[in-house]
Amino acid sequence: MATELATRADAVGYDDFRSTDPGREHGNGGAKHNGRRQSDSDERLARVLGWFSIGLGLGEIAAPGKLAELIGVENKPGLFRLMGLREIGSGVAILSQSWPAGGVWSRVAGDALDLALLSTQLAPKNPQRGKTIAATVALLGVTALDLFTSKRLSKKSRGTSAPAGARRGLRVKEAITVNRPVGEVYDYWHDFQNLPRFMTHLESVQVLGPKRSHWVAVGPGGMRVEWDAETVEDRTNELISWRSLPGGDVETSGWLRFKPAPGRRGTEIVVEMRYDPPGGVLGATLAKLFGEAPDQIVARDLRAFKNVMEVGEVLHSDASIHRRPHPARPPENDSDAGRQAGYRSTGR
Amino acid sequence: MKANCWEGKKKVRVEQVPDPKILNSRDAIVRITSTAICGSDLHLYNGFIPTMEKGDILGHEFMGEVVETGPGLKNHLRIGDRVVVPFPISCGTCYSCQRGLFSVCENTNPNAWLAEKMFGHATAGIFGYSHLTGGYAGGQAEFARVPFADVGPIKVPEELSDEQVLFLSDIFPTGYMGAEMCDIEPGAVIAVWGAGPVGQFAIASAKLLGAERVIAIDRFDYRLRMAVEKAGATDTINYEQVSVLEALKELTGGRGPDACIDAVGMEAHGHPAIYAYDRTKQALMLETDRPIALREAIMACRNGGTVSVIGVYGGFIDKFPMGSLMNRSITIKTGQCHVQRYMRPLLERVQRGEIDPSFVITHTLRLDEAPQGYDMFLHKEDECVKVVLKP
């Protein structure tokens, strides 16, 4: 399966952006390849810590009494099991690879909590004080390792300079078939000024020259971001790729590939975008909690693009005209309905 | 306007809400003259369909008069037209719509990303049926906004009453598609699980399509009586009194029905022990749906026969008899009804007097009485089969 996916990704991929290690990214649970690249040694260390978390967590849940005895503290099964759950959570976060740095950081936070709890047991009245001291020393060692790993991982994900086609930040890949001829689909997208008609977060795109354009978007929490972008490659009816230029609020790059669909079903589109989200990875994670995950935004925007191409406008339901969850009922006043993309998108 | 809103599990309330507005160019606003409570609304009522929000307007079976049209409708619909609205919202131009698969239209579900997470791929938008199907306000209201009004709604002649054409919106085509999927040949024996409104139409449609014997299965005698007297069933089985599998063997000379229609879906009842098993797993979230009728339909079906599933399922089921299905060459066909495909031919059947769909109606209430209607329909009080609401 993994090979099949990798082959498929190669088939639709675009060389400049292909990951150095596609196998790992495709092992990331299916078609959403928003994995992050890590250097091997850091990642190996993170994986060890992940499995350590899970093992320790299972131990805490299965045999709290034994563990209490081992580290010389009072047996509180409820507390141990809670800590066990937390450990397993950290382990899963690290091993799932969607955000290993975060997983290891959660271990650091957990270490701090464990140290605080252990310190309450260091009083001389504890008959097993010696064991507790040994456990604390061991834990300090683990904490140092966690801190080291998480710092290394975070540094890698943030990066320092911005090389062209930066292989960092978030990566989102989506695909959709549009029931229109490839020329028409390419032409519409190629006119970047059309993009705000179906991209929810894009406010405007201004074409500055044959290859340069200025982009304005509204990020999570209403944050306004602007950047200049240049078209890196443009092959008629085949491919468009772009990247942001230094000096903007967002580092982004991406490509979009067009291909006639089999059986005259229109045009297959694959899009891949990478960007450093405003607010960093933490911001993206917070945004995800509020239903604005990057892959979801791209999936929704592509669907809206399909709407525009096939029926001439973005279709809305009574709930979808609102940015936030809203009951399926008509809007309370006209300002709510102001977001009706229906009337700003019939540009064809 | 007034609208019947979902306010939580087993709680609906008629509330004052804003009037609908035109949001897209091919929208129409319809003043609703008749609307109905569907058996599938009970799945929402009972809290088995995820992604409902408090305040959602319910209802996907409705008809009325066009009072406003969007600029893109041109001459397809005029103000004053009397129309029945199909429950799936369909664009008419995408790959699916062009193949008549209207209920899986690719352009009408703004929450497609959410549906993809749940189902792998998204379905069409549906009026008043959770946010998984788009978050569209429903038709148990005084007015409704109807997108792609040039694709879905069908004009109906004045000489037919609301009651005769209202069910073209869902349950008549749904029952009909259930029978059509059975590929009925002359002499066929069809068994139908569930003698609710959809089951009644599946039975009637099986007869229309030439089945020789149609066996109705339910636990309420009054529904089985309706199946025989109104829909044309030839035999009935009350599963609380006899074993369905044994009774079907007896009725079909040991062979089993040529096709079995599951018109029950995710909230089936059955043998107390099996019901308790599935109900417990459902409560523990180990399965979302209780497939009691579906399992029985598969086991009962003759070798090489067809099981046609039109009862609504929402998620995952347990103890699915795959071995029986595979080894005995059984075909499963299923789908939310592609209503737009059937509206015109079925309207013609009504006009020719081949069927009068109003036979399922047992209660007509005011829209204000919707909460009582739901309660009565759920508990099968007063021999309730179908509740029509008048705004």
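Helix α6 (residues 197–208) of chain B packs against helix α7 (residues 221–231) of chain B at an angle of about 35°, and their axes lie 10 Å apart. Viewed as a crossing, α6(B) and α7(B) are right-handed. Keep in mind from the start that this is a predicted model.

- On the α6(B) side, the contact is made by B:Gln200, B:Ile203 and B:Ala204.
- On the α7(B) side, the residues making the contact are B:Met226, B:Ala227, B:Lys230 and B:Ala231.

**The nonpolar cores**
- B:Ile203 turns up again here, as one of the residues with the most contacts inside the largest nonpolar core, which has 168 residues.
- B:Val30, B:Ile190, B:Val192, B:Ala202 and B:Ile261 are also among the residues with the most contacts in that core.
- Chain A takes part too: helix α10 (residues 294–311) of chain A supplies 9 residues, the largest share of this core.

**A closer look at B:Val192**
- Which residues does B:Val192 touch, not counting those up to four places away in sequence?
- Its partners include B:Gly199, B:Ala202 and B:Ile203.
- B:Val192 also touches B:Val214, B:Ile215, B:Ala216 and B:Ile217, as well as B:Ile261 and B:Ala263.

**Paired strands in chain B**
- Strand β3 (residues 28–37) of chain B runs antiparallel to strand β5 (residues 61–69) of chain B, and 8 bridges join them.
- B:Val30, which we met in the core, has B:Val66 in β5(B) as its bridge partner.
- β5(B) also pairs in the antiparallel sense with strand β6 (residues 82–85) of chain B, over 4 bridges.
- In this second pairing, B:Met63 has B:Val84 of β6(B) as its bridge partner.

**Chain B as a whole**
- Chain B contains 13 helices and 18 strands.
- Its radius of gyration is 20 Å, close to the 21 Å that the globule rule gives for 391 residues, so chain B is as compact as a globular protein of that length.
- The C-alpha trace of chain B spans about 60 × 50 × 45 Å along its principal axes.
- Of the 391 residues in chain B, 56% are buried.
- Among the contacts in chain B with a separation of 6 or more, 72% are between residues 24 or more positions apart.

Terms used:
Residues numbered from 1 in each chain as written. Chains lettered and ligands numbered in written order. Predicted model: local features only at pLDDT ≥ 70, side-chain atom pairs only at ≥ 80, totals over all residues. Core = buried A, V, L, I, M, F, W, Y, C linked by C-beta atoms within 7 Å. Buried ≥ 20, exposed ≤ 12 C-beta atoms within 10 Å, placed from the backbone. Helix = DSSP H or I, 4+ residues; strand = E, 2+ residues; numbered from the N terminus. Contact = placed C-beta atoms within 7 Å. Pairing = 2+ DSSP bridges. Rg over C-alpha atoms; globule rule 2.2 N^0.38 Å. Axes fitted to C-alpha atoms, helices over the stretch in contact; angles between N-to-C directions. Left-handed = near helix turned anticlockwise from the far one by under 90°.
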